[in-house]
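Here are my notes on the model, point by point. Have the structure open while you read.

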Amino acid sequence: MAETPLSLGEKTFIIHGVDLNLRNDGRSRYQYRPIEIESKLMKHTHGSARLRIGNITDVLVGVKLEIDTPFAERPDEGKLEFFVDCSANATPAFEGKGGDDLATEISNVLSMAYQTPDAFDLKQLCIIPHQKCWKMYVDILILQCGGNLFDAVGAAVKAALYNTEIPRVITATLDGGEPDIQVSDDPYDCIKLDVTNYPVVLTVCKIGDNFVIDPTSEEESCSTASILMSVMPNGKVTSVVKLGYGSLLPNTLIKMLQVGKDISFKLNEALMKGLEEENKLGKTKPIFGFLR
Amino acid sequence: MEPDQENDQGGLRVDGRRALELRQIRMRMGVFGQADGSAYIEHGNTKVLAAVYGPRQSRSSASRNSTKAMINCQYSMAVFSFTSGERKRRPRGDWKSQERSAQLRHAMEAIIHLELYPRSQIDVFVEVLQVDGSDYCASVNAATLALIDAGIPIKNYAIGCSITLVNKPSVEDEDKTLATGVLDANFVEECSPGVTLSVVALAGTNNDIEMDGNGLIVVAHGAGQRLHLSRLETLKQRVLQGCQDIKNILDRGVRHHLIANLLPSFLHNSLD
């Protein structure tokens, strides 16, 4: 990721601030910046969401569905694929293939987070076992990064999946060995995914001897190690990744996981509340997109 | 699309527009805080984001000693950008995006005062979020707006506008076809048999009817079938009129943006 270059003095200032539980933007250690979500803003995708953290980090997610053949070893399961594109709009460093490393890192974290059948059951994407299934592409476009990219992506993916509408298959039969699939003509006749168990991604950043949630890019460059965890709403952790060059004692690691788990409840609760409120507006919801 | 659909609808196009009617253009400047300049534009359902970084020190050693600024453009399409069901495999790096990047660079080089920034580089990045025809033209307009937002001195607006000559199969329609070049084609019209010309022009400053001296075509790019040379002149006249219209819309938008975000210090200076 594009590191923000900071002098030693600036770093010391931030670290001392975190020690006093007062960060540069006035937040305490376990406080998020305001999160803004707009979903269903792209009519041409099956599901979409745009999420912004603190007016800086900006992520756009689009979900598209295609009919595909299932894997031979898992004939009754569909496919779920995450693709991350770091747009050069975010920073010139992402130009060309510059953003590919970060993109692969983020998509790996997401596929690990959604891998367990407890979180996302791929069987619901199956149409005819051995023959046809839905392939769900979750495409993430990173438009601007100002720290805490992973949390933003994780929450935006959950928001996009919340309003994803899978067209209803009305007939799926085998006609002489050939699959025959008919999808409903009515664009409103569709199936929604059950997102209750979908994980949120949370980064716990270790700055000095303290842990910080939702770091800005300045704070990220002060931290030597951070833990990236995806937590399901019931508190189960589906994946843990350590980022950064620093090392952690086992005790610290457990403490960080505990902090992350507690915060993830609140994050998930706030996210679901916001999404349900937006969903209640129904079709009357105005689309702002990038015009606001 | 049925080619004779236009006649059935009383001379209207598939989306109900007249031949020289543009789609609704909505724009916003200063979308992103981190970029030096950014803009967002919608031509109907075609949606484009553009960001400008620079002028800054060039990374490549070749341009270190050049007397002009180097323009670096990247045209990229989001993988979910297609309106018609399917998904794009790669956001950039394919043949089409590379060609578009080069054409965008030509358009930008034509308007920026390059000689003011020796040994430096200006990056223009365009991200197409939704494609519904005329996406290259929309991206030129977005890039121009982003340059204005970045405060980079430009000579004139580079305005992209597309014109499509819809082919009619019947012979008696031949003389009518001459006149039927439609402006700002959407995806359906672009895919129908016929020629699409994407033109980037520097539109004149005042609203002149006589276009010959004012409309300077910078980039013209054709796609589709062959075009008879005799038709080119009428198409050119029409597309320059379209560019003029778009320019008026963008100019109004820019002025509105600048007045709305006026710095108090600027107001103070202009009163003196």
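1. First, the cut-off: a salt bridge here is a side-chain nitrogen of Lys or Arg within 4 Å of a carboxyl oxygen of Asp or Glu. By that rule, B:Asp123 pairs with B:Arg56, with the closest N and O atoms 2.2 Å apart. B:Asp123 sits in strand β5 of chain B and B:Arg56 in strand β3 of chain B, so the bridge ties together parts 67 residues apart in sequence. B:Asp123 is buried at 0% relative accessible area, while B:Arg56 is partly exposed at 24% (buried is under 20%, exposed over 50%, partly exposed in between; 1.4 Å probe, protein chains only).

2. Housekeeping: this is a predicted model, where local features need pLDDT of at least 70, side-chain atom pairs count only at pLDDT 80 or more, and totals for chains, interfaces and linings use all residues. Residues are numbered from 1 along each chain as its sequence is written, chains are lettered from A in the order in which they are written, and side-chain values use heavy atoms, with hydrogens and water left out.

3. Have a look at B:Arg13 too: its side chain meets that of B:Glu189 at 2.7 Å, N to O, in a salt bridge. B:Arg13 is buried at 2%, and B:Glu189 is buried at 3%. Both belong to one network of salt bridges with shared partners, including B:Asp15 and B:Asp184.

4. Chain A has a salt bridge between A:Glu219 and A:Arg23, at 3.0 Å. A:Glu219 is buried at 3% and A:Arg23 at 4%.

5. Across the interface of chain B and chain A there are 3 salt bridges. A:Asp139 and B:Arg87 form a salt bridge at 2.8 Å, N to O.

Key. Helices (H or I, at least four residues) and strands (E, at least two) are DSSP runs, numbered from the N terminus.
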